[in-house]
Amino acid sequence: MTDSNALDLDSEDRKIVTLARSARARNGVPEGAAVRDETGRTYVAGTVDLDSLKLSALRTAVAMAVASGATSLEAAAVVTVAEGVQAEDLAAVRDLGGPATPVHVAAPDGVVRVTVTAG
């Protein structure tokens, strides 16, 4: 686990943090997430909280990538008030992207608190 901030991120990683932040704000959900696949395509999602289905934003974004034919992930971002990422979320990223896939965890204001690997 390494500390990071938005200035340390490359432009593509800043983009997914911005997309995740926008999804959270636009949908009024607890979390927003975005992932980037091996071709550079991005998938953006918010928390799903239905009576019959509950998914974190990050797991939803990974599911969207898989459903769209992605075979790998380059990076992921989640915007949340939580201090870290749940193990289940990291497992979903790891399943598609591998253990070295970076996951940027940002506060609602978009400031990246920490970057962890899915590993």
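Modeller: A salt bridge is a side-chain nitrogen of Lys or Arg within 4 Å of a carboxyl oxygen of Asp or Glu. With that cut-off applied to this predicted model, a search of the whole structure finds five salt bridges.

Colleague: What makes D13 and R36 a salt bridge?

Modeller: The N to O distance between the side chains of D13 and R36 is 3.0 Å, and a salt bridge asks for such atoms within 4 Å, so the pair qualifies.

Colleague: Which other residue forms a salt bridge with R36, and how far apart are the closest N and O atoms?

Modeller: That residue is E74, and the closest N and O atoms of R36 and E74 are 2.7 Å apart, which again is within 4 Å. This pair also links distant parts of the chain, because R36 belongs to strand β2 and E74 to strand β6, 38 residues apart. Taken together, D13, R36 and E74 are linked in a network of salt bridges.

Colleague: Why is R36 called buried, and what is E74 called?

Modeller: R36 has a relative accessibility of 6%, and buried means under 20%, so R36 counts as buried. E74 has a relative accessible area of 38%, which lies between the limits of 20% and 50%, and therefore E74 is partly exposed. D13, like R36, is buried.

Colleague: What keeps E31 from being counted in a salt bridge?

Modeller: E31 is buried, and the nearest side chain of opposite charge, R59, is 6.9 Å away; since a salt bridge requires the atoms to be within 4 Å, E31 has no salt bridge. E31 lies in the loop between α1 and β2. Leaving aside neighbours within four places in sequence, E31 is in contact with residues including R24, T47, S56 and V78.

Colleague: How do you know that the buried residues of α3 line one face of the helix?

Modeller: The buried residues of helix α3 are D89, L90, A92, V93 and L96. Seen down the axis of α3, these fall within an arc of 155°, so they line one face of the helix. An α-helix has 3.6 residues a turn, so residues three or four places apart point the same way. The face of α3 turned away from the buried side carries the exposed residues A87 and D95, while the buried residues pack against α2, β6, β7 and β8.

Colleague: What does the largest nonpolar core consist of, and which element supplies the largest share?

Modeller: The largest nonpolar core has 22 residues, and V35, L58, V62, A65, L73, V93 and V103 are those with the most contacts inside this core. Among the elements that each supply at least two of its residues are β2, β3, α3 and β7, and the largest share, five residues, comes from α2. L58 touches, among others, A33, V35, V93 and V103, not counting residues up to four places away in sequence. Apart from this core lies another, of ten residues, among them A34, A77, V79 and V112.

Colleague: Why are β7 and β8 said to pair, and in which sense do they run?

Modeller: Two strands pair if there are at least two bridges between them; β7 and β8 share five bridges, so they pair, and the sense is antiparallel. P102 stands opposite T117 in β8. The two strands form a hairpin with five residues between them, where G110 in the turn has a positive phi of about 90°.

Colleague: How many bridges join β2 to β3, and which residue of β3 is the bridge partner of R36?

Modeller: Five bridges join the antiparallel strands β2 and β3, and the partner of R36 is T42. The hairpin of β2 and β3 has four residues between the strands, and G40 there takes a positive phi near 95°.

Note on methods
Residues are numbered from 1 along each chain as its sequence is written. This is a predicted model: local features need pLDDT of at least 70, side-chain atom pairs count only at pLDDT 80 or more; totals for chains, interfaces and linings use all residues. Side-chain values use heavy atoms; hydrogens and water are left out. Buried means under 20% relative accessible area, exposed over 50%, partly exposed in between (1.4 Å probe, protein chains only). Lys and Arg count as positive and Asp and Glu as negative; His and the chain ends are not counted. Contact means heavy atoms within 4.5 Å. The arc is that of the directions from the helix axis to the C-beta atoms. A nonpolar core is a set of buried Ala, Val, Leu, Ile, Met, Phe, Trp, Tyr and Cys residues joined through side-chain atoms within 4.5 Å.
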